[in-house]
2 protein chains.
Amino acid sequence: MAQKTNVRERLLAAALETLHKNGFNATGVQDITEAAMVPKGSFYNHFESKDALGVEVVEQYAAKGAERRQTLIAGAGAPLARLKAYFKSLNQLGPASGFSRGCLLGNFSAELSSQSPDIKGAVADALADWTKDIAQVVAEAQQAGEVGRDIPAATLAAFLLNAWEGAVLRTRVDRSAAPLDAFMKVAFNKILT
Amino acid sequence: MAQKTNVRERLLAAALETLHKNGFNATGVQDITEAAMVPKGSFYNHFESKDALGVEVVEQYAAKGAERRQTLIAGAGAPLARLKAYFKSLNQLGPASGFSRGCLLGNFSAELSSQSPDIKGAVADALADWTKDIAQVVAEAQQAGEVGRDIPAATLAAFLLNAWEGAVLRTRVDRSAAPLDAFMKVAFNKILT
């Protein structure tokens, strides 16, 4: 049983790595079992399908993202400063991989929304939770008088997250931090004011 | 020769349709030849590889997009009104497919940036041209006093295009126009002011 759990965890970790790096459809079950160093035949003992594994990968990625948002939500400092620090910290993830990976949620949105209803659902849930957390802090910033109340916090939060995802997408093509710099400049000089 | 050209054009048209609908890696050469109703063996008479076809698909998609920008660039009306009408017209493309397709350039950015340097290059060129056209009209709006000059037109244009791509990505997951509505609201009430 310990062994079985171990194989499952190794498959999940390997899938998170390979699917983020190479995309869902470019990665075969065999690529995942090889990366996990487990026999190919063991895959279907642990996951009903590649799609089912994809859902769990999204959930695990989303859980890591939610953990990263703890400082945004409950950290010290004024809400606007927390938002800025949060996006700054996110932006440091891109250069680490030479802007080659992007955000798994954005990648799966593009690649799988029309292919896998289950993965699309998991991505939708993850993005909804993420938006809600950002909206909460934007609302705090509005209450503190740091951000205007002319547009609802939920709308600003959705716009910001989508704009950030779009900027990350562009970093992948341009292999440059410029889209993230433009995001920070416009977000914190024009939108969150 | 007439026949040969015809087959090539049919392959390109079928590829544009199937790759946009289903993605690059989920579409095989056989799917494309079947959609084009040409023999599978004919593919490599016309294209060196699926990647080479992908580059031409991006170029053709980009050319259509550039055509659509003629009214934005050289149409009647004030620059800010042209920008608003332009994004409004783009946003009408989503519901037509039930938000199932998104933007081919965004999709390929996510799926192929780390897989195909040639397709990444073609997407980068297309997005650079697109940004330049938007920047030109934003600069006109700044000169006309419709938009503040505190942030350079090129930065605003890049931000706007990336934010729009991110919003389109989100429509695919949520199957709703709400991300596009949020884009319009924030873009034209907070950024282009």
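Reader: How many helices and how many strands does chain A have?

Author: This is a predicted model. Chain A has 11 helices and 0 strands. Read from the N terminus, its elements run α-α-α-α-α-α-α-α-α-α-α.

Reader: Which pLDDT does chain A average?

Author: Where pLDDT is low, the predicted coordinates should not be read in detail. Here chain A averages a pLDDT of 96, and 97% of the residues score at least 70. For the complex, the predictor gives an ipTM of 0.96 and a pTM of 0.97.

Reader: What box do the C-alpha atoms of chain A fill?

Author: Taken along the principal axes, the box is roughly 60 × 35 × 30 Å. Chain A has 193 residues, and 41% of them count as buried. Now take contacts in chain A between residues at least 6 apart in sequence. Of these, 66% join residues at least 24 apart.

Reader: Which domains does the assignment give for chain A?

Author: Domain 1 covers 1-47 and domain 2 covers 51-191. The contact between them takes 10 residues from domain 1 of chain A and 13 residues from domain 2 of chain A. On the domain 1 side, these are 6 nonpolar, 3 polar and 1 charged. Over C-alpha atoms, the centres of the two domains are 27 Å apart.

Reader: What rotation superposes chain A on chain B?

Author: The general idea comes first. Two copies of a chain are related by a rotation about an axis and a shift along it. In this model the rotation is 180°, the shift along the axis is 0.0 Å, and the RMSD is 0.0 Å. That is why we speak of a two-fold axis. The same surface serves both copies, as 100% of the contact residues of chain A recur in chain B.

Reader: How many residues does the contact take from each of chain A and chain B?

Author: It takes 43 residues from chain A and 43 residues from chain B. On the chain A side, the elements giving two or more residues are helix H8 (104-112), helix H9 (117-143), helix H10 (153-174) and helix H11 (178-191). H10(A) gives the most, with 15 residues. The chain A side divides into 19 nonpolar, 15 polar and 9 charged residues.

Reader: Which residues touch the most other members of the largest nonpolar core?

Author: That core has 104 residues. The ones with the most such contacts are A:Val123, A:Leu160, A:Phe183, B:Val123, B:Leu160 and B:Phe183.

Reader: What is A:Phe183 in contact with, leaving aside its neighbours within four places in sequence?

Author: A:Phe183 is in contact with A:Ala163, A:Trp164 and A:Ala167, and also with B:Phe159.

Notes: Residues are numbered from 1 along each chain as its sequence is written. Chains are lettered from A and ligands numbered from 1 in the order in which they are written. This is a predicted model: local features need pLDDT of at least 70, side-chain atom pairs count only at pLDDT 80 or more; totals for chains, interfaces and linings use all residues. pLDDT is the predictor's confidence in each residue, from 0 to 100. Copies are superposed by least squares on the C-alpha atoms of residues with pLDDT of at least 70 in both. Two residues are in contact if their C-beta atoms, placed from the backbone, lie within 7 Å. Domain bounds come from an automatic or database domain assignment. Ala, Val, Leu, Ile, Met, Phe, Trp, Tyr, Cys and Pro count as nonpolar, Asp, Glu, Lys and Arg as charged, and the others, Gly among them, as polar. A nonpolar core is a set of buried Ala, Val, Leu, Ile, Met, Phe, Trp, Tyr and Cys residues joined through C-beta atoms within 7 Å. A residue is buried if 20 or more other C-beta atoms lie within 10 Å of its own, exposed if 12 or fewer, and partly exposed in between; C-beta atoms are placed from the backbone. Helices (H or I, at least four residues) and strands (E, at least two) are DSSP runs, numbered from the N terminus.
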